[in-house]
Amino acid sequence: MTINKETMLELNLSDVKIYKEAGQKIVYTANSDDHGLVVLKIIKPEQDLARIIREIEILKTLNGIRTSNILDDGKVVLNDVEYLYIIESFIEGDELRDYLNKSGNIPFNEVCKFLQMMVETIAILEEHNLVHRDIKPENVMRTASGDYILIDFGIARDLSRTSLTDSAAARGPATVIYAPIEQIDNLKDQIDSRTDLYSVCLVAYEMLCGFNPFSEGCDNMMQVMRKIDQGNFTRIEDNNDLIEFIHTNLNRHRTRRSANAKDAKDWIDEIASNLCGEET
Amino acid sequence: MDLYLQFGHGMMGYCKELITKWGEGTVILSPRDLTGDQTKKFSKELSSINGNTLFDPQYYNPRADHEKLTQWSHWFNDFDTALLSDTNYIEGRLNAIKNINDYCNTSAYIIPSQICEVVDRFWIESQNLFIDKASQLFFDKERYSTLALSFDVLTDEKSIEKIIDISEKWDVDGYYIVPEGQYLEDDSYWLINLAQLVAGLKLKNKKVIIGYSNHQMLSLACANADAIASGSFLNVRSFNAGKFDKPDPNAISRRSTWYYCPQAMSEYGLRALDRAFDNKVIDKLKPYGKTNEYVDILFSGARPTSVKFGDRLAFKHYLNTLKQQCLLAKKDTFENTIEHHQKLSDYAYDFIRRLEVDGVRERNRSFKDLVDLYQDVLFKLKKERGGLLKRQW
């Protein structure tokens, strides 16, 4: 879909170029007179508007802390159809998925740094009563300076507000191969930051080993879900604190993971400082 | 980890003697085995020798018909009253429990609970009711909630994790776990799940006491348990809700005397000790090579069945030795504690095997077939909660 000149003027944008087409939105890059390079997201019609509005509210709450910053949002008419739009700050860097494809297995130190930054982000979300619920390599950006930024709060949950998911649904919104069983089973009262800790440790596992231990070797989603339900994954053989952190938070039972993101942050920070000590 | 004394039939004398010997100690009082007046007097006596008490209301089986138990002021019958709707009734029962705790000068409250046969909303509602009411009425010392768990619950991993999960909402300082199972339980999951429960609750910074225990539960030190409680007869070393019913007058008593050999983590009957005597290896069975006032007579050079080594000495020796083992059961780190129990169980296995070579066998209360289960507990704790336990130790 082309963005016409009138719309660009209305939004104070120039040089609008299509970036990618994701599930529920079309993403463009553009120049803003006020903010420089930005991302324009046009939400496709017939989307779950309540969820999108919730995403905007969540991002505004976070105000750019380790995620993209919402600069503007509203409605715009294109080809006689009204669309919701969001303008966000542009994060220069690679999707973690692309970085993994290019780099292969990632060394311990880098994975530790990834975990430190992401667990810190989850701890910030926890302070705001938020759960991302969709941490996966496609939703993490690695900036040019090597920082990791969490994006796409499309199915994030604000635990202090009414859930938007149908409680009677057998399955909750999730990218199954990165989600813990309580999320897949739509056990809404069991969703908290431990859900995000599980997913981020699964990504860390994939960074170290080059594969997702739950989808690896499976022919269909039922097989994957069974493995997740049984907590059946190949444990990494290296016996060190980082692996212990990953295994602990990948536990099928949330009661066996770190009690909360703050505790997990203290733990991973300790591991990181020990790793630095070993290097020097 | 400490050893508390689980009060049972005929234990008054043992409690007083052992607490005097240890210089301290805690007794979990049992209304099934004591009247109100006896409890009052006994608590005072214990207090005078630096002993502490806890009062177990024993609501595990509300239909229990044991005469002594049902005469207590705090006793309730959930079939006679609308337990879950009549809050005055519950308040009345808890006030009675408070009164007993006051006159016994207990160190903490044990909040009653019915035995959990299924972790479902009915049990959770009942648990919530007792805990909520107790938080209003029991405010002058710590509160421990009873977790009386059936064998089926204990052998179901998901039920155990569910209890840990819902316990986050309970306003208590600790838990008194009453695990249903047989003496020296040999189910593959029973002890593993019990250890996971203890570890899960400890990781929430709660005090955890496991009642009705025996030396098999030494492994719970690896889950960071605060105390296990044990007693004289088997009905206070393992839990069976049936003991709260009237005793069967036709039941045949099959009592015999057992000697606990701590390095074997096993008990030997007097006949097995006779074989050791005949084969000239009796001294190997001395507790870690040394005797004590309770077992001197067994190693005095006479045939064990010919000396007066009866239940009284056997019980006191068991509890005194278990106390020493408990006090040594936890080390400065999680890893060192695991290593200690690995060595303890490996050594016990080798020791039993060596005694067998010497012609000394004891099948009924041997640790030999339980070693694998004991070590499974260590392995699973390391695997499932090791990282967290290490950090919190």
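Student: Which strands form a hairpin in chain A, and how many residues lie between them?
Tutor: In this predicted model, strands E8(A) and E9(A) make up a hairpin, with four residues separating the two. Within the turn, Gly146(A) has a positive phi of about 90°.

Student: How many bridges join E8(A) to E9(A), and do they run parallel or antiparallel?
Tutor: Three bridges link E8(A) to E9(A), the latter covering residues 148-150, and the two run antiparallel. Across this pairing, Val140(A) faces Leu150(A) of E9(A).

Student: Which strand do three bridges join to strand E8, residues 140-143, of chain A?
Tutor: That is strand E6 of chain A, residues 93-95, which runs antiparallel to E8(A). Here Gly93(A) is the residue opposite Thr143(A) in E8(A).

Student: Switching to chain B, where are the domains?
Tutor: Domain 1 of chain B spans 2-244, and domain 2 spans 258-392. Their C-alpha centres are 27 Å apart.

Student: How many residues does each domain of chain B bring to the contact?
Tutor: Domain 1 of chain B contributes 27 residues and domain 2 of chain B contributes 29 residues.

Student: Which elements supply at least two residues each on the side of domain 1 of chain B?
Tutor: They are strand E1 (2-6), helix H1 (12-22), helix H8 (190-202) and strand E8 (227-230) of chain B. The largest share of that side, five residues, belongs to H8(B).

Student: What is that side of domain 1 of chain B like by class?
Tutor: The side of domain 1 of chain B that touches domain 2 of chain B holds 16 nonpolar, eight polar and three charged residues.

Key:
Residues are numbered from 1 along each chain as its sequence is written. Chains are lettered from A and ligands numbered from 1 in the order in which they are written. This is a predicted model: local features need pLDDT of at least 70, side-chain atom pairs count only at pLDDT 80 or more; totals for chains, interfaces and linings use all residues. Domain bounds come from an automatic or database domain assignment. Two residues are in contact if their C-beta atoms, placed from the backbone, lie within 7 Å. Ala, Val, Leu, Ile, Met, Phe, Trp, Tyr, Cys and Pro count as nonpolar, Asp, Glu, Lys and Arg as charged, and the others, Gly among them, as polar. Two strands pair if DSSP finds at least two bridges between them.
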